[in-house]
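Thank you all for coming. Before I go through my notes, please take a moment to look at the model on the screen.

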Amino acid sequence: METGGQRRRWEYCWIALCTSFLLGIGPQVSAQIRYSIPEEMKEGTAVGNIAKDLGLEVSRLVNRQFRIVSGSKEELFQINQENGVLYVHKKIDRETLCVGSGVCMVNLKTVTENPLEIHYVEVEILDINDHSPSFPENEYHLRISEYTLPGADYQLQAARDPDSGTNSIRSYKLSPNDHFEIRVRESDEDKKPFLVLKKAVDREITTTYKLILTAADGGNPPRSGTLNITITVLDINDNRPVFSRETYSVTLQENSAIGTLVVRVNATDIDEGPNSEIEYSFATVNDKVHEVFELDQVTGEIRVKGKVDFEDADVYKLDIQASDKGHPPLSANCRVVIKVIDVNDNQPEIEITSLSKNIPEDSKPGTVISLISVTDKDAGINGKVICQLNKNIPFELKPSFKDNMYSLVTKYRLDREINPLYEITITASDLGQPSLTASTTLSVQIFDVNDNAPEFLINPLDLYLMENNAAGSSIISVSASDRDTAENAVISYHIIRGDGTQNDLSSFLNINSETGVVYSLKSFDFETAKTFQFHVLATDSGTPSLSSNVTVNLFILDQNDNVPVILYPVSANGSAEGVEEIPRNVNAGHLVTKVRAYDADIGYNGWLLFSLQEVSDHSLFGLDRYTGQIRTLRSFTETDEAQHKLLILVKDNGNVSLSATATVIVKVVEPKEAFAASDVKNTVKDEEETKVTFYLIITLGSVSVLFVISIIVLIVMQCSKSTDYSSKYLKDANYDGTLCHSIQYRSGDKRYMLVGPRMSIGSTIVPGSNGNTLVIPDRRRRDSGEVRLAE
């Protein structure tokens, strides 16, 4: 027996290997491989070389993580990643794994990564003859009437053999006797033994018969089981029960409540008395039937006893026996076929395979994130499943070639700066009524790539810096932001150097590359440069790096750092002294002379005021504080001195006022002497001032150009602002808001120009005007004090 079993196993192994070889050399028209293996093989037995049959490189199996991802719950098989061989992991009992006589298949799903591939493997478990037929009971008692006619048959309990195919029950054999024989009737897949009366019995001759029924399977060698039959001959009961129908077919809802009436069978017996009283019983051997259903022996009602699950069995076949109470009792059989109607009681199941939890934000649409399979144990419409994702996410599900298989892929371009993390909810809903739903959530992290350049909040920047700043001090801090993260958001700053021309002052600036603080390497002078522009470049640390720049407009603000310069009077040695001669007969209001000065500063800092510090006679001379004109206040008398000394103070209007002084000596002469002296004096002054005129013209031109540029810049800035500023400097009614103009007037042989706010003769200038007084001497004779206003 044992030697034959081993030989049979080797034959099955040879069949499995041949099948694997034929599958390997045949054209691969499908992604599915099928192997066959006998049951009860030892652990570690090779089933087939999957890697070879699939054409996979054995050396890459470990790196590609070749493995089984789904199959039987007991993990009956495993894959050796070293050689790609599928081997038995646990000993397999076909009768435990697959109930019934059909084909027993184990479906496996294998996965390899890099790239991701899925293959399906079917392993057929072949039956071996490892079970002997057995009867539910060892003893069977039968009572028959002595007047039973030959040909009467009695259904016996069928033997059960868990094996399938040729290894299942093939024949019944009854021990030799003269009165009984065995007949086998095939119903569906069952062989039902019937004990047939071959020759009438005589209770007076023999009251009891002892027979042995042997059930044999078709294995090699065959196995068998026996049933001891004891037949007792009774007095006559010549009518057996009769069922209203031979077969009862009914339907039953899955999950029906316990106690639910399934069907009521009915049999009748035309005998009277105890011989017509009927009892019902199960003639079915299957234990599962007894767990699910119960039979009322008196009424014949079949009710639900246990859980009715469509997924366990979709149809039940029950054999019901009706026996009367005669002596001996007669019986009849009928079959009840119960078809279970599926209800939607199983939620879909979602399985995630090979999830990529981190993806770059520059992934192209269609990039595979994960593979998803969905199953539903229900049947028909209840097992049809629809999958969908939560809304407003850049992902979608694409169906695979196999039902209920999907690929989770990107749908649109991703942007980590908009959303760095996505919670993807996959919802699977079947089409049953009511629909059942299952869901699972995947977390997908988007990691950063350098796709954002640094950004400045304000561009351009306007910087106002007071002149005479300390060299090496910080003047401004620029800051840019980058929406990227980590190294892609680390910013360094650099100043874009110019062409090195005179107007390019960026070489006098330095910047901290980490903080963006700009330092001046020199002290700026308003009178030299009033405004300039430089550019700061911000570059991130990504690969490749991205950059942007900001323009900084630097405006130098004036400080009162220039002392007023006396232009007239100026003596030969350069001191601010002068002598003026006037006739004694002049009237009050006569112009004696005019002190002229200028200041390189502007605004308050450059607006000059004149005052008398010292004078010999306060009643004789008066000084216009705005123009510097010295005039007589009254006529001269005989008692007035012939010479008067006037000390003139010229100061600006800065916060810390700066000043200069000039000395004017006025000599009072007789009218004839005054004219003669005036001619000589004019000649000498013309020669002295000839040299000064050239330098004054150059100075005036340079200052005027710089001043005009500054005023234009200020006008542009004022026009760009919507706020209506009223003058906080000029409150006089004579001031009309003109920012720059010149006043030209002639006095004697000299020409003067006053650069400052518009005013008329005798007008009052208040602090805040841009007053720069320049003196331009020429060779013309001073013959009048006329002032002209030129815009």
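Asn468 sits in the loop between β33 (461-466) and β34 (474-477), where strands (E, at least two residues) and helices (H or I, at least four residues) are DSSP runs numbered from the N terminus. This is a predicted model, in which local features need pLDDT of at least 70, side-chain atom pairs count only at pLDDT 80 or more, and totals for chains, interfaces and linings use all residues. Residues are numbered from 1 along each chain as its sequence is written, and side-chain values use heavy atoms, with hydrogens and water left out.

Coming back to Asn468, its phi is positive, at about 65°, although Asn468 is not a glycine. Most residues other than glycine have a negative phi, and most peptide bonds are trans. Asn468 counts as partly exposed because its relative accessibility is 37%, and on this scale buried means under 20% relative accessible area, exposed means over 50%, and partly exposed is in between, with a 1.4 Å probe and protein chains only.

Gln65, in the loop between α2 (50-54) and β3 (67-70), also has a positive phi, near 55°, and is a residue other than glycine. With a relative accessible area of 39%, Gln65 is partly exposed.

Next, the peptide bonds. Asn114 and Pro115 are joined by a cis peptide bond with omega about 0°, and Pro115 belongs to the loop between β6 (105-112) and β7 (117-126). Another cis peptide bond, with omega about -5°, joins Gln433 and Pro434, and Pro434 is placed in the loop between β30 (421-430) and β31 (437-447).

Which residues does Gln347 touch, if we do not count residues up to four places away in sequence? They are Thr375, Asp376, Leu436 and Thr437, where contact means heavy atoms within 4.5 Å. Gln347 itself lies in the loop between β23 (331-341) and β24 (349-353), and its side chain reaches the backbone oxygen of Thr437 at 3.5 Å. Gln347 is partly exposed, since its relative accessible area is 48%. The C-alpha atoms of Gln347 and Asn382 are separated by 9.5 Å, and these two residues are 35 apart along the chain.

Finally, the cysteines. Cys334 is buried, because its relative accessible area is 4%, and Cys387 counts as buried at 14% relative accessibility. If a disulfide is taken as a pair of cysteine sulfur atoms within 2.5 Å, the count comes to 0 disulfides.

Conventions: A polar contact is a pair of N or O atoms within 3.5 Å; within protein, one must be able to donate a hydrogen and the other to accept it, and residues adjacent in sequence count only if both atoms are side-chain atoms.
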